[in-house]
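Please keep the sequence and the 3D view at hand while working through the numbered points.

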Amino acid sequence: MSISEKQKKKSFLLLMINMFVVMMGIGLVIPVLPYYVESFDAGAVELGILIALFAFMQFLFAPFWGRLSDRVGRKPLIAAGMFGFALAEFIFAFASQMWMLYLSRILAGTFGSAIMPSAMAFVADTTSEEKRSKGMGLLGMSMALGIVFGPGIGGWLAEINLAAPFLFAGIAATIAGLFSLFLLPESLPKEVREEKDSERPGQLKSILRAVTSPVGFLLVLVFVLSFGLANFQTSFGLYALARFEYTPAEVGTIVMIVGVVGAVAQGGLVGRLTGRFGDERVALGALLLSGIGFILMSLAFSYTTLIVTTCLFFLGNSLLRPSVNSMISKRAGKKQGLIMGVNNSFVSLGNVAGALIAGNVFAVNLFLPFSIGAAAMFLAWAATIIWLSHQKQQTVIDRTNRVESS
């Protein structure tokens, strides 16, 4: 049974709420976690491990959830993911020892990884290729809004109690899970679902096949953009505390303000820019802007300049993600759930690498995370130019071969 246009609009709104809640739960960590782990006598290394644990579990489970969504549908996994994420937030809020924080991040990564690939596959199920960038942009906008309001909510609630932000996120995820369970329609009809196949590849084989497929380079690009964002999320709160002695509320306000720029970019600019210039050119410009943003953040000298320079990074990262996701989706064919699951694994790998590296190099020099982030963006920009050139050459060769064979 197909979904009507009215149902699509309601479903997209619900998906956006889900993604907002998840990213809010992740975003509120940015200003609060440095202070929260400090209350457990932990530091930058433990902070990096907590963020990396969340991402590593996403890496392990995202392809599994993606494959499962191709068989059982998108709705059950979205609802289950929200409830599992809520449980993780409650554990974090009431934790009394460090192992409870680690357990919370393990559960959050495991169940959170079911939501994003299923939501992206839902969009792919219900949109044409021409409108897919806009659909991915709407999801991206809700994610950006979560990152916007998450730090603000986290910073402000932390003024009351450091555990309050996580309790709030758990309640919000529970409500969103209930809405998904009872109001979200299924986008994948039973007649087009894949049957369970015992010979289907495991995660490692799925990733290796994906890397050598037409989306291979784009998955590497996903890794880079996630590396940059995790680098920022891990180091920014520590950087603001060490260099400027800002409070959680001040850090949260900064991230909230600059995140508005990212949300507006994904909700209002992505569709227009990709329609005019194409996904490829938008991705190139976004990579360049992200790298410049990293450099300028390290040169900031006041509250205002830190906001402005962080805006540049957020703008670049916000334009990059939906453009790359759209390019991947257009090449995924009927394997939307599987490819989006593998896509999420590369997001997670980037998050793991970005968090661990940022946490460790920050202990050496507080500017190093930004320098490494900028280098990664500029290298990816150069590599993308080469890849696009190769793609054009291959297209010409394929057309010539078809003409000759006919």
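**Notes on the predicted model**

1. A358 is buried, because its relative accessible area is 1%. The structure discussed here is a predicted model. A358 belongs to helix α14, which covers residues 336-362. Its C-alpha atom lies 9.1 Å from that of Q233, although A358 and Q233 are 125 residues apart in sequence. When neighbours within four places in sequence are set aside, A358 is in contact with N231, T234, S235 and P369.

2. The protein chain contains 15 helices and zero strands. Along its principal axes, the C-alpha trace spans about 70 × 45 × 40 Å. A compact globule of 406 residues would have a radius of gyration near 22 Å, and the value of 20 Å for the protein chain agrees with this.

3. How much of the chain is buried? Of the 406 residues of the protein chain, 59% count as buried. The protein chain exposes about 16700 Å², and carbon and sulfur atoms supply 67% of that area. As for charge, the protein chain carries 30 positive and 22 negative charges, whose mean positions are 8 Å apart.

4. The contacts show how the chain brings separate stretches together. Among contacts between residues at least 6 apart in sequence, 87% join residues at least 24 apart.

5. Q58 is found in helix α3, which comprises residues 44-72. Q58 counts as buried because its relative accessible area is 6%, and the cut-off for buried is under 20%. Q58 and V347 are separated by 289 residues in sequence, yet their C-alpha atoms are 8.3 Å apart in space. Beyond its neighbours within four places in sequence, Q58 is in contact with several residues, including G109, G112, N344 and S348.

6. Y35 is located in helix α2, residues 29-38. With a relative accessible area of 16%, Y35 is buried. Which residues does Y35 contact, leaving aside its neighbours within four places in sequence? They are L162, L241, Y246, T247 and P248. For T247, the C-alpha separation from Y35 is 9.3 Å, while the two residues are 212 residues apart along the chain.

7. G135 lies in helix α7, which runs over residues 129-158. G135 counts as buried, since its relative accessibility is 5%. Apart from neighbours within four places in sequence, G135 is in contact with F12 and V123.

8. The structure holds 20 aromatic pairs. In the pair formed by W65 and F111, the ring centres are 6.4 Å apart and the planes meet at 35°, so the pair is tilted. This pair links distant parts of the chain: W65 is in helix α3, whereas F111 is in helix α5 (residues 98-112), 46 residues apart. W65 counts as buried at 11% relative accessibility, whereas F111 is partly exposed at 26%.

9. A further aromatic pair joins F217 and W387, and it is stacked, with 5.0 Å from centre to centre and 15° between the planes. It too links distant parts of the chain, as F217 is in helix α10 (residues 216-244) and W387 is in helix α15 (residues 368-405), 170 residues apart. Both F217 and W387 are buried.

10. Aromatic residues also gather in a cluster. F232, F236, Y239, F244, Y246, F294, Y303, F313, F314, F367 and F370 form one aromatic cluster. Among them is Y246, which is also a contact of Y35.

11. E245 lies in the loop between α10 and α11 (248-277). E245 counts as exposed, because its relative accessibility is 65% and the cut-off for exposed is over 50%.

Terms used:
Residues numbered from 1 in each chain as written. Predicted model: local features only at pLDDT ≥ 70, side-chain atom pairs only at ≥ 80, totals over all residues. Heavy atoms only, no water. Helix = DSSP H or I, 4+ residues; strand = E, 2+ residues; numbered from the N terminus. Rg over C-alpha atoms; globule rule 2.2 N^0.38 Å. Buried < 20%, exposed > 50% of the residue type's maximum accessible area, 1.4 Å probe, protein only. Contact = heavy atoms within 4.5 Å. Areas by Shrake-Rupley, 256 points an atom, 1.4 Å probe, with all protein chains shown as cover. Lys, Arg positive; Asp, Glu negative; His and termini not counted. Charge placed at Lys NZ, Arg CZ, Asp CG, Glu CD. Phe/Tyr/Trp six-rings, centres within 6.5 Å; stacked < 30°, edge-to-face > 60°.
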